[in-house]
Amino acid sequence: MNRKPIFAANWKMNKGPSETEDFARALLPHVQHQTFPCDLVIAPPFVSLAKASELFGNVTAVALAAQNCSEYDSGAYTGEVSAVMLKEFYVHYVILGHSERRSIYGETDDVINAKMLKAREFKLKPIFCIGETLAEREGGQLEEVLRRQVTKGLAGFTEKDLQETVIAYEPVWAIGTGVTASAEQAQEAHAFVRSLVAEAFGGEPAAKIRIQYGGSVKPANAAELMACPDIDGALIGGAALEASSFLQIIENGTAS
Ligand SMILES: O=C[C@H](O)COP(=O)(O)O
């Protein structure tokens, strides 16, 4: 199955509008009027989406993502941003279920599922993050955790919703730690996640869905990880804060 890789820069709580502009000035000469063998996505903080959409709005190679959205449409939810609001900023993707949202902000599988369904209602494409902690891996619970996260997170999804979804497998112990999963560990987990999707939706949708790897991806390890048959791109944190490093990951990861 020929799946187009997708490389997404998750800036997390970094870069306000002026730093977004600096990044764009560095990236634009390399992406304007260019075609890539992969999709490129940038996920700035909410307050930088207006600046990012102004600068990247007419760049066909780059799509924007939000880092979160509310499970509600509107109303008395202080501090929240709804899916429909994001549409005004030419946002096409939304990162949901990131381990930092799960562990720091207490988002449960049910809350994440509600957000996933809300995102699809407004035609946003979820980048649906899953992954185990070190204790869960060492305790032999890897498959159980991934099964729970996939089953609950994708509950109520149609095959069409699934087609518009990207899964990001991010072992929590590899996020921001400099410790990357080995290519073998990552491939094994990706193949298992794909088998879970096949159980729930059938073989063809499972073969089509893109599964990114995330967790300390850098230019030096991108090629090895991306060479794995079930890895279809990367969700990158720290190494995507510099345009040059983001571009180098894409170049190395798509070279073969
Ligand atoms: O969303 C991105 C991931 O959490 C990976 O972050 P990292 O590349 O800094 O390890």
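**Entry 1**

I began at H98, which sits in the loop between β4 (91-96) and α4 (99-103). Helices here are DSSP runs of H or I with at least four residues, strands are runs of E with at least two, and both are numbered from the N terminus. A reminder to myself: this is a predicted model, in which local features need pLDDT of at least 70, side-chain atom pairs count only at pLDDT 80 or more, and totals for chains, interfaces and linings use all residues. Residues are numbered from 1 along each chain as its sequence is written.

Why did I note H98 as buried? H98 has 28 other C-beta atoms within 10 Å, and the rule is that 20 or more means buried, 12 or fewer means exposed, and anything in between means partly exposed, with C-beta atoms placed from the backbone.

E170 is in the loop between β6 and α9. I count E170 as buried because 29 other C-beta atoms lie within 10 Å. Leaving aside neighbours within four places in sequence, E170 is in contact (C-beta atoms, placed from the backbone, within 7 Å) with S99, C129, G131, I175, G214, G215 and L235.

**Entry 2: the ligand and the binding site**

Which residues are closest to the ligand? I found N10, I175, G214, G237 and G238, out of 14 that surround it, where the cut-off is a C-beta atom, placed from the backbone, within 6 Å. The shell divides into 5 nonpolar, 8 polar and 1 charged.

The unreviewed UniProt entry lists N10, W11, K12, G176, S216, G237 and G238 for "binding site". They span 229 residues of sequence but cluster in space, the largest C-alpha distance being 13.9 Å.

G176 lies in the loop between β6 (166-169) and α9 (183-201), and is partly exposed, with 13 other C-beta atoms within 10 Å. G237 lies in the loop between β8 (233-236) and α12 (243-254), and is buried, with 23 such atoms within 10 Å. Beyond four places in sequence, G237 touches N10, K12, I175 and G176, while G176 touches G237 and G238.

**Entry 3: core and confidence**

The largest nonpolar core has 72 residues, and A8, A65, V91, V94, I127 and I236 touch the most other members. Such a core is a set of buried Ala, Val, Leu, Ile, Met, Phe, Trp, Tyr and Cys residues joined through C-beta atoms within 7 Å. I followed I127: apart from residues up to four places away, it touches A8, A65, Y93, I95, V166, A168 and L235.

Last, I checked confidence. The mean pLDDT (the predictor's confidence in each residue, from 0 to 100) is 97, and 100% of residues reach 70 or more. The complex gets an ipTM of 0.99 and a pTM of 0.97 from the predictor.

Methods
Two residues are in contact if their C-beta atoms, placed from the backbone, lie within 7 Å. Ala, Val, Leu, Ile, Met, Phe, Trp, Tyr, Cys and Pro count as nonpolar, Asp, Glu, Lys and Arg as charged, and the others, Gly among them, as polar. UniProt positions are given in the numbering used here, feature names are shortened, and annotations may be inferred rather than shown by experiment.
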